[in-house]
Amino acid sequence: AHAWLAVGSWPAAVPAIFHHGGISARWAIERAIIVAVGIRTSDPVLRIGGYAALGLAFIQECYAFSPTVDTLFLNDRFVPLMAVAASLGFISSQLRTYGELLTRVERELAIPTHVAAAAVAVMAFTLDFHDHFGDNETAITLTWALAGAVLVALGAGGRSWLLRWEGLVLIGITVAKVGIIDLGSLELTYRILST
């Protein structure tokens, strides 16, 4: 218990650096630790409380984050969103590792939690690149294509079928976006040439 408390208390200095974003990031990390303790001790109250609190931290972050940012990555939106993504990834790994201690429903949450972690991370990168490179669809398309390629590469390197499929689905969504949205905004001449 003392070790978990020590690990959970280190982010206390983060709010001094990142203000609002640091507080949200700290909440996400602490909630992931609470869920991990609940998983390892088979304590349903800790797990349910941790899940609910992490969900509230994400909702609070979506409600309170800045619509635009000046600094790429080190800002009050990117840091907490990446903390939520990392927390969800950590919870997913704990669910897979200690699944035999949990109910069947919770064991089945491992994959959706992993997918949610990847989705939140891609959302964080997308929002930052969109703001940094201006309000254009190309920044979003390139971000999704790069993120999909990174997920496929990580999945191949780590032999994770889930990462590979997440990357392939994201690349598929990117191709659909290019065909439907990006090419649709071009002039007729460029659309004909692109086909």
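A nonpolar core is a set of buried Ala, Val, Leu, Ile, Met, Phe, Trp, Tyr and Cys residues joined through side-chain atoms within 4.5 Å. I kept this in mind throughout, and I note that the model is predicted.

Entry on the cores. I looked up the largest nonpolar core and found 21 residues in it. Leu88, Ile91, Leu95 and Val120 touch the most other members. I then traced its sources: α3, α5 and α7 (110-132) each supply at least two residues. The largest share, nine residues, comes from α5. I recorded a further core of five residues lying apart from this one, with Val122, Ala147, Leu163 and Leu170 among them. As general background, nonpolar side chains in soluble globular proteins tend to be buried together.

Entry on Leu95. I listed its contacts, leaving aside neighbours within four places in sequence. Leu95 is in contact with Ile39, Tyr51, Leu102, Glu106, Leu109, Ala110 and Thr113.

Entry on Ser87. I placed Ser87 in helix α5, which covers residues 78-97. Ser87 counts as buried because its relative accessible area is 3%, under the 20% cut-off. Not counting residues up to four places away in sequence, Ser87 touches Ala28, Ile29, Ala32 and Leu54.

Entry on backbone angles. Most residues other than glycine have a negative phi. Ser42 has a positive phi of about 55 degrees, and it is found in the loop between α3 (20-40) and α4 (44-64). Ser42 is partly exposed, at 34% relative accessible area. Arg159 also has a positive phi of about 55 degrees; this residue is in the loop between α8 (137-158) and α9 (161-182). Arg159 is exposed, with a relative accessible area of 74%.

How values were computed. Residues numbered from 1 in each chain as written. Predicted model: local features only at pLDDT ≥ 70, side-chain atom pairs only at ≥ 80, totals over all residues. Heavy atoms only, no water. Helix = DSSP H or I, 4+ residues; strand = E, 2+ residues; numbered from the N terminus. Buried < 20%, exposed > 50% of the residue type's maximum accessible area, 1.4 Å probe, protein only. Contact = heavy atoms within 4.5 Å.
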